[in-house]
Protein chains: 2
Amino acid sequence: MPQQRPKVVIIGGGFGGIDAAKTLARAPVDVILVDKQNHHCFQPLLYQVATAALSPADVAWPIRHILRKQENATVLMAEVRGIDTEKRVVQADSVTLPYDYLVVATGAMHSYFGHGEWAEVAPGLKRIEDATRIRRRILIAFERAELAAGESERRRLLTFVIVGGGATGVEMAGAIAEVARQSLAIDFRHIDPKTARIVLVEAGPRVMPAFPQKLSDYVVRTLTKKGVEVMTATRVVRCDAHGVDLEHGRIDAATIIWAAGVMASPAASWLNAGRDRAGRVKVGPDLSVPGHPQVFVIGDTADVVDQPHIPGIAPAAKQMGRYVGRLIAARVAGRPAPPPFHYRHLGDLATVGRQAAVVKLGWLELTGFIGWVFWSVVHIYFLIGVRDRFIVAFTWFWDYVTFQRGARLITQVPPPDQP
Amino acid sequence: MPQQRPKVVIIGGGFGGIDAAKTLARAPVDVILVDKQNHHCFQPLLYQVATAALSPADVAWPIRHILRKQENATVLMAEVRGIDTEKRVVQADSVTLPYDYLVVATGAMHSYFGHGEWAEVAPGLKRIEDATRIRRRILIAFERAELAAGESERRRLLTFVIVGGGATGVEMAGAIAEVARQSLAIDFRHIDPKTARIVLVEAGPRVMPAFPQKLSDYVVRTLTKKGVEVMTATRVVRCDAHGVDLEHGRIDAATIIWAAGVMASPAASWLNAGRDRAGRVKVGPDLSVPGHPQVFVIGDTADVVDQPHIPGIAPAAKQMGRYVGRLIAARVAGRPAPPPFHYRHLGDLATVGRQAAVVKLGWLELTGFIGWVFWSVVHIYFLIGVRDRFIVAFTWFWDYVTFQRGARLITQVPPPDQP
């Protein structure tokens, strides 16, 4: 009887899962990657889908297409229902997947700090569907304002509140300001989109806390120039369908976007493992779950011992994915395990809009046009496939020259009384 | 008091409505175009969205963007609820629009020949949402086949039935065959997408009846070479969630696509006007409704007296839109009305897939590679905007070289037991 090759099941086709699978390309194992979506989503550019600059297909690719040439990899589209660490099987819809090694890379979702009911009125931005939903809301708000009977209702429809002053919140605020002041400027007859009010609310003392103070200040100056009101040290106490209650006052707004907090996926309860306050699974120095040396957790779902401050960004997930891939390959080959995982921070970058971005890579700090070009090149480089690199580069060039946004579609229009 | 300019209300932002509005650009009138969607959809390429070659934003544009520079035009996104021809007002959601001239250009929907219940299992292709729904079904069928336990279920999941052998049906069948045999060929491990069964069912004696017999024969030969089974003179008697009953036998199929019949929009009942069997409003030689010289019906919604065989294609709608625009401009200026509308048929063209199309323009008949290049150039030319012309041309070129399709996203995944 031929010997069975060890089975490596990877749950999740994000940055961590894909890199783990690729690292195992030449190992004598069978890789099974399972995800409830058929596509890998390039989350750093999702806000551009939400603000009608790019189409969903420009920032997402079928996972099985990414791995089509890796002969030891099988991709299954199914939703994981549970993990049995005793029997070593993953239950995914109707399929039972036995594993010798398991990599859990299921990422994070939004956290509303115990107010799950805000999710409906204040959507966050994690998946393609979130992005098209937010795009629909933003565009419908302008359409309804054009039809609105009273001035106060029109003001409410033209008010956009973004909760959370990290990279996603800043990018969304800058992009919505450009949609209103540039792309839509001459499209309406009854309203002036330039009068839209865009408010960025941050609970902490400053926006973009991952950056030095100087760069935070630059972001605030740039946003203000674009017409965004930045409110720091301001806590949101309630979101409802008509606006946001702050500690001191209320903003009536038809569109609220949540970029404030994340919560790990429910992997910890599947594994019945220890977790931190954000729901992340506590893992050892080799990213394995204590007591289960063949089960690894990576990316936004992992809380690595002694390295509590690994940020929830793509490079961190990719580094963990590659580490676990190398470690499993070593074990299968009977080679010594690599040294403990060590996160290497490459830097931070975020764009505030047209000709404005902040970049910090070690000692290198860039802002303005140069920062923006650098940001653009990096993001084009990390896109998957020559085709999308080309399409995205062309789209950005075109939009830069014309001040336009090409993906301004409202699909699945809700009834008039719904958001 | 300044004299009010005559108000021209246009219902529908399809080919007819847009061209009517544009033709009135220099007339001393106020044009109000109302549509329940925010976008104009280029229906001739919608099948490419349904088969993952193009993104929705490549074939649809915000109507208000198309008319943004036409100062006498206002665009409203609202759904028309009724027309009062006595008071001369259109009711659209919460807005009441008085008119001096009314142009109804509301197009057509699918007709299931009295079996509306088939719509759920056999979607048609008219709107962007239809296209993304069909794309989702096609891609999910392959994903579920990869997971399927039994061989008969796998066969059913890999069977695609297209009902209707006109241009849309032929284009869909050819495109699905290429998805299965080329784009997906090496992406799966448990199934071979090349074994997918694609059946085109036509009730009449031949496919593409608008074309000469010779071109119909070419289409059948080409489809057969691509692996499509073509069944002519075959009537569908029932569609359900598991397949299609034909007069003589049954095909088990997870995916059914309806391209068989259209029915005019409910304009006739709004107007309380005479209609033909397809629900189209009977209009006079100047496209006005008998008894209402200021109300016009154009495009797929119009049955023009003495010209019963105007096809439901974009050039016909555009010609009617321009005619009505000129007629209204003449009336407002007190000039004599133009002669009765006369439809001028420019030709027919349809693509069967890669390097294969049929073209008939007067005496000119093209097939094969030359026909396909001609078809591509014509469609690129009629797209709106330089940007999309460029993006679509690049995408086609890229897909041609690589045999790929870039927009293979499944969004809004239904539960496992639903289509």
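Chain B can be laid on chain A by a turn of 180 degrees and a shift of 0.0 Å along the axis, with an RMSD of 0.0 Å. That is the relation of a two-fold axis. The copies are superposed by least squares on the C-alpha atoms of residues with pLDDT of at least 70 in both. The same surface serves both copies, since 100% of the contact residues of chain B recur in chain A. Two residues are in contact if their C-beta atoms, placed from the backbone, lie within 7 Å.

This is a predicted model, in which local features need pLDDT of at least 70, side-chain atom pairs count only at pLDDT 80 or more, and totals for chains, interfaces and linings use all residues. Residues are numbered from 1 along each chain as its sequence is written, while chains are lettered from A and ligands numbered from 1 in the order in which they are written.

Start where the chains meet. In chain B, 41 residues are in contact with 42 residues of chain A. Five elements of chain B each supply at least two residues of the side that touches chain A: β4 (60-62), α3 (63-66), β5 (73-77), α4 (128-147) and α11 (386-402). The most comes from α4(B), with six residues. By class, this side of chain B has 22 nonpolar, eight polar and 11 charged residues. Here Ala, Val, Leu, Ile, Met, Phe, Trp, Tyr, Cys and Pro count as nonpolar, Asp, Glu, Lys and Arg as charged, and the others, Gly among them, as polar.

Now take chain A alone. It has 11 helices and 25 strands. Helices (H or I, at least four residues) and strands (E, at least two) are DSSP runs, numbered from the N terminus. With 419 residues, a compact globule would have a radius of gyration near 22 Å; chain A has 22 Å, which agrees. That radius is taken over C-alpha atoms, and the globule rule is 2.2 Å times the number of residues to the power 0.38. The C-alpha atoms fill a box of roughly 75 × 40 × 40 Å, taken along the principal axes.

Buried residues make up 53% of the 419 residues in chain A. A residue is buried if 20 or more other C-beta atoms lie within 10 Å of its own, exposed if 12 or fewer, and partly exposed in between, with C-beta atoms placed from the backbone. Contacts also reach along the sequence. Among those in chain A between residues at least 6 apart, 63% join residues at least 24 apart.

Three strands of chain A form an open sheet in the order β6-β7-β8, with antiparallel pairing. Two strands pair if DSSP finds at least two bridges between them. The edge strands are β6 (80-84) and β8 (95-98) of chain A, and each pairs on one side only. Strand β7 (residues 89-92) of chain A is joined to β8(A) by four bridges. In one of them, V89(A) has P98(A) as its partner. D93(A) lies in the loop between β7 and β8 of chain A. Its phi is positive, about 45 degrees, although D93(A) is not a glycine. D93(A) counts as partly exposed because it has 17 C-beta neighbours inside 10 Å.

A233(A) sits in the loop between β13 (228-231) and β14 (236-240) of chain A. With 11 C-beta neighbours inside 10 Å, A233(A) counts as exposed.

Further along chain A come two hairpins that share β24(A). Five of the six residues of strand β24 (residues 356-361) of chain A are buried, so this strand is largely enclosed by the rest of the structure. Strand β23 (residues 348-353) of chain A runs antiparallel to β24(A), and five bridges join them. D348(A) pairs with K360(A) in β24(A). Two residues lie between β23(A) and β24(A), and Q355(A) in the turn has a positive phi of about 60 degrees. On to strand β25 (residues 364-366) of chain A, which pairs with β24(A) in the antiparallel sense over three bridges. V359(A) has L366(A) of β25(A) as its bridge partner. Again two residues lie between the strands, and G362(A) in the turn has a positive phi of about 60 degrees.

Finally, return to chain B. Q404(B) is in the segment after α11 of chain B. With 18 C-beta neighbours inside 10 Å, Q404(B) counts as partly exposed. Q404(B) touches S183(B) and D399(B), not counting residues up to four places away in sequence.
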